[in-house]
Amino acid sequence: MLRDSQPLLQKIVELVNEDISKLDIVDDDDFDNPSWALKQAYKVGYKRGLTKLLEYGILHNVDNN
């Protein structure tokens, strides 16, 4: 069953990595927002959650197989 799940898990890892890379982009427009600190805190927290997902054993070794 795990072997059959490999394509799905690989796609999830790919999508999570794309989301993480998008969160690293800081636009100048972000600073025009009066609550830019809240927006930045959200991005950092969201990135941490996605990173945690990758650290779990199921997704961590998908690319290596």
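Mentor: We'll take salt bridges, then aromatic pairs, then surface charge.
Mentor: Keep in mind that this is a predicted model.

Trainee: Okay. How many salt bridges does a search of the whole structure find?
Mentor: Four.

Trainee: Which residue does Asp24 form a salt bridge with?
Mentor: Lys47, and the closest N and O atoms are 2.4 Å apart. This pair links distant parts of the chain. Asp24 is in the loop between helix 1 and helix 2, while Lys47 is in helix 2, 23 residues apart.

Trainee: What about Glu14, what does it pair with?
Mentor: Glu14 forms a salt bridge with Lys11, with the closest N and O atoms 3.3 Å apart. Both lie in helix 1, three residues apart, which is about one turn of the helix.

Trainee: And Glu55?
Mentor: Glu55 bridges to Lys52, at 3.6 Å between the closest N and O atoms. These two lie in helix 2, three residues apart. There's a network here as well: salt bridges link Arg48, Lys52 and Glu55.

Trainee: Switching topic. How many aromatic pairs are there?
Mentor: The count comes to two. In one of them, the ring centres of Phe31 and Trp36 are 5.6 Å apart and the planes are at 55°, so the pair is tilted. Tyr42 and Tyr46 form a pair that is stacked, with 5.9 Å from centre to centre and 5° between the planes.

Trainee: Why is the tyrosine pair called stacked?
Mentor: Because planes under 30 degrees apart count as stacked, and Tyr42 and Tyr46 have 5° between theirs.

Trainee: How far apart are Tyr42 and Tyr46 in helix 2?
Mentor: Four residues, so they are separated by about one helical turn. Tyr42 is exposed, at 58% relative accessible area. Tyr46 counts as partly exposed, at 35%.

Trainee: Last one. Where does negative charge gather on the surface?
Mentor: In a patch made by Asp27, Asp28, Asp29 and Asp32. Take Asp29: it is found in the loop between helix 1 (2–23) and helix 2 (36–55).

Trainee: Why does Asp29 count as exposed?
Mentor: Because its relative accessibility is 59%, and exposed means over 50%.

Note on methods
Residues numbered from 1 in each chain as written. Predicted model: local features only at pLDDT ≥ 70, side-chain atom pairs only at ≥ 80, totals over all residues. Heavy atoms only, no water. Patch = residues over 30% accessible without salt bridge, like charges linked within 9 Å, V, L, I, M, F, W, Y side chains within 5 Å. Areas by Shrake-Rupley, 256 points an atom, 1.4 Å probe, with all protein chains shown as cover. Salt bridge = Lys/Arg side-chain N within 4 Å of Asp/Glu carboxyl O. Lys, Arg positive; Asp, Glu negative; His and termini not counted. Charge placed at Lys NZ, Arg CZ, Asp CG, Glu CD. Buried < 20%, exposed > 50% of the residue type's maximum accessible area, 1.4 Å probe, protein only. Phe/Tyr/Trp six-rings, centres within 6.5 Å; stacked < 30°, edge-to-face > 60°.
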